Amino acid sequence: MEQKKKGSQKWAITYRYIKLVGGIMEHIKMILFDLDDTLVHFDDYWEISVKEAFINHSFTKDLDSNILFEIFNTVDRHLVQKLDSQQISINEYRVQRFLNSMEQVGRKPNIEMANDFERFYQSIGKKNMKPNFSVNGLIEELKDYYQIGVLTNGSKGWQLDKLEAIGLNAIFSKDYVFISEDIGYEKPSREIYHHVLKTVSLKPYQVLVVGDSWTNDVVGPIQQGMQAIWLNKKKIKPPLEPSPLATINHLLELREILLLPFLRNQASVEKAKNH
Ligand SMILES: [Mg+2]
């Protein structure tokens, strides 16, 4: 009984919410998903793949992979900050994290070796990424009602590899996979959102961005007049402004927000037909 009550309360809240946003949903023509930590999850492959790469790569196989991982992980965190503040490029970030880590254990590889290690790590990483069939199914369903695409920061080859590894490369049209390396600008620079809007010939309010980065997937798009849904996996306290269309903890919550308004409309049409 208690369970049922809770269920109906939840539904009542959802229903009110959908009534509220239903009007907005009708305007949305395209959904753009972020890739890293939205469709593909870093925690699923990072540690296991880096360690596997250290254990098997010719330059590092004689070293302790656990110790190396701790060093590499710390160096990576430091360099990610430099990357995010645009002090270094994505290629410099990848080369430096290997060179700096090796320096800490008294080795001096050259850039070619750093690139070789990166390629090796990526091939292992790709193998360790797993599709989420429920999420993939939902995205296929969304495709019946919206144009769908990807908007991601990163290098073209690696981002496409990730999409393939999680089984989404065939679902997204190549024309709607927007990768910063290709475009020449990164989120949250205004140019990248404008490039997308121009390419898809849509008004800003017709495009919804879904992603885990408050800065790149919520603030950036909203500043350009686009819609945003924030994926807040770690349930951290959101800043007060700006206000996204919704905050979700899991991508599957998009079903209620993005599909139910359409399914409800269809149900009313069917009902009217049968009377
Ligand atoms: Mg992300």
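User: Two strands count as paired if DSSP finds at least two bridges between them; with that in mind, which bridge partner does W230 have in β6?

Analyst: In this predicted model, W230 of β5 has T247 as its bridge partner in β6, and the two strands, β5 and β6, are joined in the parallel sense by three bridges.

User: What's the strand order in the sheet they belong to?

Analyst: The sheet is open and has six strands, which follow the order β3-β2-β1-β4-β5-β6 with parallel pairing. Because β3 (177-179) and β6 (246-248) each have a single partner strand, they stand at the edges, and one side of each is left without a neighbour in the sheet. On average, neighbouring strands of this sheet are turned by 20° against each other, if direction is ignored.

User: And what about β1, how many bridges does it share with β4?

Analyst: Four bridges connect β1 (residues 30-33) with β4 (residues 207-211), again in the parallel sense, and one example is I31, whose bridge partner in β4 is L208. On to the next pair: β4 and β5 also run parallel and are joined by four bridges, with G211 standing opposite W230 in β5.

User: How does the chain get from β4 to β5?

Analyst: The chain passes from β4 through α10 to β5, and this β-α-β crossover is right-handed. Helix α10 (residues 214-223) lies across β4 and β5 (227-231), and its direction is at about 165° to β5.

User: Is β5 mostly covered or mostly open?

Analyst: β5 is mostly covered, since five of its five residues are buried. Q227, I229 and L231 point one way from the strand, while A228 and W230 point the other way.

User: Which residues of α10 are buried, and what do they pack against?

Analyst: The buried ones in α10 are N216, D217, V218, G220 and P221, and the buried residues of this helix pack against α9 (190-200), β4 and β5. Just after α10 comes G225, which takes a positive phi of about 90°.

User: Switching topic, at what angle do α3 and α4 pack?

Analyst: Helix α3 (residues 65-84) and helix α4 (residues 90-104) pack at an angle of about 145°, and their axes are 9 Å apart; the crossing is right-handed. On the α3 side the residues in this contact include L68, I71, F72 and L79, and among those they meet on the α4 side are I90, Y93, R97 and N100. Sorted by class, the contact of α3 with α4 has eight nonpolar, four polar and two charged residues.

User: What's the backbone doing at Q86?

Analyst: Q86, in the loop between α3 and α4, has a positive phi near 60° although Q86 is not a glycine. Most residues other than glycine have a negative phi. Q86 counts as exposed because 9 other C-beta atoms lie within 10 Å, where the cut-off for exposed is 12 or fewer.

User: Where does K235 lie, and what sort of phi does K235 have?

Analyst: K235 lies in the loop between β5 and β6 and has a positive phi of about 50°, again without being a glycine. K235 is exposed, with 8 other C-beta atoms within 10 Å.

User: Which peptide bonds are cis, for instance in that loop?

Analyst: P242 is found in the loop between β5 and β6, and the bond joining E241 and P242 is cis, with omega about -5°. Another cis bond runs from K187 to P188, with omega near 10°, and P188 has its place in the loop between α8 (180-183) and α9.

Terms used:
Residues are numbered from 1 along each chain as its sequence is written. This is a predicted model: local features need pLDDT of at least 70, side-chain atom pairs count only at pLDDT 80 or more; totals for chains, interfaces and linings use all residues. Two strands pair if DSSP finds at least two bridges between them. Axes are lines fitted to C-alpha atoms, for helices over the stretch in contact, and angles run from 0 to 180 degrees between N-to-C directions. Two residues are in contact if their C-beta atoms, placed from the backbone, lie within 7 Å. A residue is buried if 20 or more other C-beta atoms lie within 10 Å of its own, exposed if 12 or fewer, and partly exposed in between; C-beta atoms are placed from the backbone. A crossover is right-handed if, with the strands pointing away from the viewer, the path from the first strand over the helix to the second runs clockwise. A crossing is left-handed if the near helix is turned anticlockwise from the far one by less than a right angle, and right-handed if clockwise. Ala, Val, Leu, Ile, Met, Phe, Trp, Tyr, Cys and Pro count as nonpolar, Asp, Glu, Lys and Arg as charged, and the others, Gly among them, as polar.
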